[in-house]
Amino acid sequence: MKVVIVGAGKLGMKVADALLGGDHAVTIIDTDDSLLQKISSQIDVMTINASAKETRVLKDLNIETYDFLIATTGNDEANIVIAAFAKKLGCSKVIARVRDPEHMQQLNFIKETMGIDHIVNPDRGITVEIYKYLAEKYSLSNGIFSSGKVSLIEFDTEKYEELIGLAMTDIPNVLPNMLIVAISRNGKVIIPHGSTVIQEDDVLYVIGEKEPIFKLNKRVHEKGKYTDLQKVMIMGGGKTGFYLAEMLEEFGAAVKIIEKEKERCHYLSTHLEDAMVLHGDATDLTLLEEENLDLMDAVVTATGFDEDNLLLALMAKQHGVEDVIAKISRESYAEIISAMGVDMALNPLDITANNIIRFVQSSKQVLSSQLIQGQAEIMEIIATPYMKILETPLKDLDLPESIIFAAIHRGTEVIIPHGDTEILEDDKVILLSLLSNLSTTENLLKDAGRFGFLKK
């Protein structure tokens with residue numbers, strides 16, 4: 001598959017890295033020549049130093065021979081125009097990153113008028129994941145994700161205390177024919193292995209056939225109970241804060257936003273109906289205490305600085321706030337977040353890159369996918385003849401720690417895999433992978449045959 005990415009920023013490079021893992025041919029266009037030289041010395045891509053807004057550049061590239069153009073520059077209007085030009089010149093499908101709230105209010109009109117196939121918004125994407133966690137309390141719909149005869153359930157260990165202290169090797173004795181495929185611990189989603197021990201306050205993701213999973217659901221979930229969320233403080237009134245406040249207002253929660261830029265406060269107060277907008281520095285502990293930080297049901301730290309978000313999340317936790325969510329862009333901070341005990345940390349870059357990759361693969365047989373707390377993805381694929389994972393015991397595949405094969409549909413049979421299990425052609429395979437390692441996932445699942453990643 002041929003893909004051109006316009007914009008060599010963090011998102012563009014994250015997507016390029018993942019696509020290269022799947023053996024796609026990638027071209028990168030950017031106006032920064034020094035940046036392109038650095039990129040070409042590190043990864044195997046074709047680079048073009050030019051402005052993609054010039055139709056001549058797209059024509060010289062023979063854009064009509066490309067399967068996808070992905071516009072990820074820092075300018076919404078440029079991305080819309082570039083994607084529209086590429087579509088008009090014959091590119092099969094085009095994707096644009098658009099972040100401005102005004103554009104989002106007329107999204108369908110923009111797509112239809114400009115011929116854009118897919119629009120991604122990092123702020124909107126992360127907001128949806130935060131909202132699902134706070135307002136629904138479960139990142140899965142009512143705690144359960146189902147595909148065919150297999151279901152995945154999410155619950156706190158306090159709902160099944162007998163599991164606390166058990167290693168993964170002991171789980172089959174308590175949950176027969178089921179598998180724990182992920183654990184959310186101190187704000188971080190991890191893939192468990194044989195020696196992993198379940199701890200108090202862990203959130204578990206358990207997969208199995210529908211009947212035993214639904215039976216387990218009756219024990220660990222209260223029917224119809226979501227959350228008693230009433231008061232939320234959002235630190236940072238940027239795009240993420242704005243989108244989240246809109247959604248929480250509609251939900252019925254009382255929202256306070258703390259924003260230090262006066263002009264931005266005016267925008268928020270005129271575009272939000274019920275949220276209380278406070279002009280001030282969220283790192284001012286006196287201000288936070290005056291605004292009753294310790295009485296909040298949830299706090300979301302969404303300033304433009306990772307360091308401030310970490311500090312503010314720690315403050316909120318120390319004041320006893322039940323749910324604290326931090327927006328973090330640097331993957332190197334993942335371990336720090338875990339040690340701090342923040343309830344959930346989300347990286348908009350990972351979520352957006354995954355959104356793009358899944359759209360690129362949507363024409364293939366990725367049957368379904370679902371994000372897990374914005375940090376991992378569970379998806380169902382078809383095993384095709386040229387995949388390197390076929391007919392080899394899972395224990396011999398040298399699987400990365402970021403991936404776990406959760407279940408296999410083979411005809412009418414459902415298999416919960418173990419080390420000796422082999423994947424066969426035409427199996428429907430359900431797997432869970434961390435978003436932070438998109439390229440590893442794509443590389444493992446790539447189809448070396450003539451049809452690319454997954455054959456039709």
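Start by selecting D426, which is exposed, with a relative accessible area of 56%. Exposed means over 50% relative accessible area, buried under 20%, and partly exposed in between (1.4 Å probe, protein chains only). The accessible areas come from the Shrake-Rupley method with a 1.4 Å probe, and for residues only the protein chains shown count as cover.

This is a predicted model, in which local features need pLDDT of at least 70 and side-chain atom pairs count only at pLDDT 80 or more, while totals for chains, interfaces and linings use all residues. Residues are numbered from 1 along each chain as its sequence is written, and side-chain values use heavy atoms, with hydrogens and water left out.

Stay on D426 and read its backbone: phi is near 75 degrees, a positive value in a residue other than glycine. D426 is in the loop between β21 and β22. Helices (H or I, at least four residues) and strands (E, at least two) are DSSP runs, numbered from the N terminus.

Next, select D427 and R410. Their side chains meet in a salt bridge, 2.7 Å from N to O. D427 counts as buried at 2% relative accessibility, whereas R410 is partly exposed at 26%. A salt bridge is a side-chain nitrogen of Lys or Arg within 4 Å of a carboxyl oxygen of Asp or Glu. The structure holds 17 of them.

Select D343 and K317 for another salt bridge, with 2.8 Å from N to O. D343 lies in the loop between α14 (334-340) and β17 (344-346), and K317 in helix α13 (residues 306-318), so this pair joins parts that are 26 residues apart in sequence. At 19% relative accessibility, D343 counts as buried; K317, at 24%, counts as partly exposed.

Move to R219 and E162, where the closest N and O atoms of the salt bridge are 2.8 Å apart. The pair links distant parts of the chain, 57 residues apart: R219 is in helix α9 (residues 210-220) and E162 in the loop between β8 (150-156) and α8 (171-174). R219 is partly exposed, with a relative accessible area of 42%, and E162 is also partly exposed, at 46%.

Then select E54, R56 and D60, which are linked in a network of salt bridges.

For charge on the surface, select D156, E158, E161, E200 and D201, which gather in a patch of negative charge. Patches are made of residues with over 30% relative accessible area and no salt bridge; like charges are joined within 9 Å, and nonpolar side chains (Val, Leu, Ile, Met, Phe, Trp, Tyr) within 5 Å.

N177 is the next stop: phi is near 60 degrees, a positive value in a residue other than glycine. N177 sits in the loop between α8 and β9 (178-185) and is exposed, with a relative accessible area of 64%.

Finish with the cysteines C91 and C265. C91 counts as buried at 3% relative accessibility, and C265 is buried at 8%. With a disulfide taken as a pair of cysteine sulfur atoms within 2.5 Å, the count comes to zero disulfides.

Conventions: Lys, Arg positive; Asp, Glu negative; His and termini not counted. Charge placed at Lys NZ, Arg CZ, Asp CG, Glu CD.
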